[in-house]
Amino acid sequence: MGSAISGEALVQHALAARAHAYAPYSQFKVGCVLLGWDGTLFAGCNVENGAYGPTNCAERTALFRAIADGHKPRSFTALAVVGDTEQPITPCGVCRQVMAELCAPDMPVYMANLKGDMMETTVSALLPGAFQLPEQST
Ligand code: THU
């Protein structure tokens, strides 16, 4: 069962979200979009902070935004992320852990760069053996 919107189209939405990135320290802007079960698109961008630690990646911004908006964990159907990298950008380890908890293991993840390269993977392929508390594994 594919989603109604293509990976390429999701990347275009992620590109639009990237324009909102707040990255004055790294100058590295990232955009993301998360597709809800009902077709809702949740945009995310990285939001940096002068204390560095509080910086939030684009992927987690989109995921937390969707949860805050009332969408349920594992109800999402795809995620796309884009950054200015040589190869398609790949999510950081922290975002992989968050995706592993909030997204279905087989959910497609589209990774892209500004040159139009795109790769498709899944949540479980990005973080095999992700940590889960015992009560989450049922
Ligand atoms: N960043 C993301 O937003 N997503 C990624 O997948 C990789 C890294 C952000 C965090 C920080 O604001 C900047 O990119 C440099 O690491």
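Modeller: R74 is partly exposed, because its relative accessible area is 36% (buried is under 20%, exposed is over 50% and partly exposed is in between, with a 1.4 Å probe and protein chains only). The model is a predicted one, in which local features need pLDDT of at least 70 and side-chain atom pairs count only at pLDDT 80 or more, while totals for chains, interfaces and linings use all residues. Residues are numbered from 1 along each chain as its sequence is written, and side-chain values use heavy atoms, with hydrogens and water left out.

R74 sits in the loop between α2 and β3 (helices, H or I, are DSSP runs of at least four residues and strands, E, of at least two, numbered from the N terminus). The phi of R74 is positive, at about 70°, although R74 is not a glycine. Most residues other than glycine have a negative phi.

Y52 is another non-glycine residue with a positive phi, about 65°. Y52 belongs to the loop between β2 (41-45) and α2 (58-68). With 58% relative accessibility, Y52 counts as exposed.

Y52 is part of a nonpolar surface patch with Y22, Y25 and V47, and together these residues have about 440 Å² of accessible area. Such a patch takes residues with over 30% relative accessible area and no salt bridge, joining nonpolar side chains (Val, Leu, Ile, Met, Phe, Trp, Tyr) within 5 Å, and like charges within 9 Å. Accessible areas come from the Shrake-Rupley method with a 1.4 Å probe, and for residues only the protein chains shown count as cover. Y25 is partly exposed at a relative accessible area of 44%.

Next comes the ligand. It is surrounded by 13 residues, with N46, E48, C57, A58 and E59 the closest; a residue belongs here if one of its heavy atoms lies within 4 Å. This shell divides into seven nonpolar, four polar and two charged residues. In that count Ala, Val, Leu, Ile, Met, Phe, Trp, Tyr, Cys and Pro are nonpolar, Asp, Glu, Lys and Arg are charged, and the others, Gly among them, are polar. An N or O atom in the E48 side chain is 2.5 Å from a ligand oxygen. For E59 the corresponding distance is 2.6 Å, and a polar side-chain atom of N46 lies 2.9 Å from an oxygen atom of the ligand. Taken alone, the ligand exposes 370 Å², of which the protein buries 79%.

K115 meets E86 at 3.0 Å, N to O. K115 is in the loop between β4 (108-113) and β5 (118-122) and E86 in the loop between β3 (78-83) and α3 (93-102), so this pair ties together parts 29 residues apart in sequence. The closest N and O atoms of K115 and D117 are 3.9 Å apart. K115 is exposed at 52%, E86 is exposed at 57%, and D117 is partly exposed at 32% relative accessibility.

Notes:
Salt bridge = Lys/Arg side-chain N within 4 Å of Asp/Glu carboxyl O. Polar contact = N/O pair within 3.5 Å; in protein donor to acceptor, adjacent residues only side chain to side chain.
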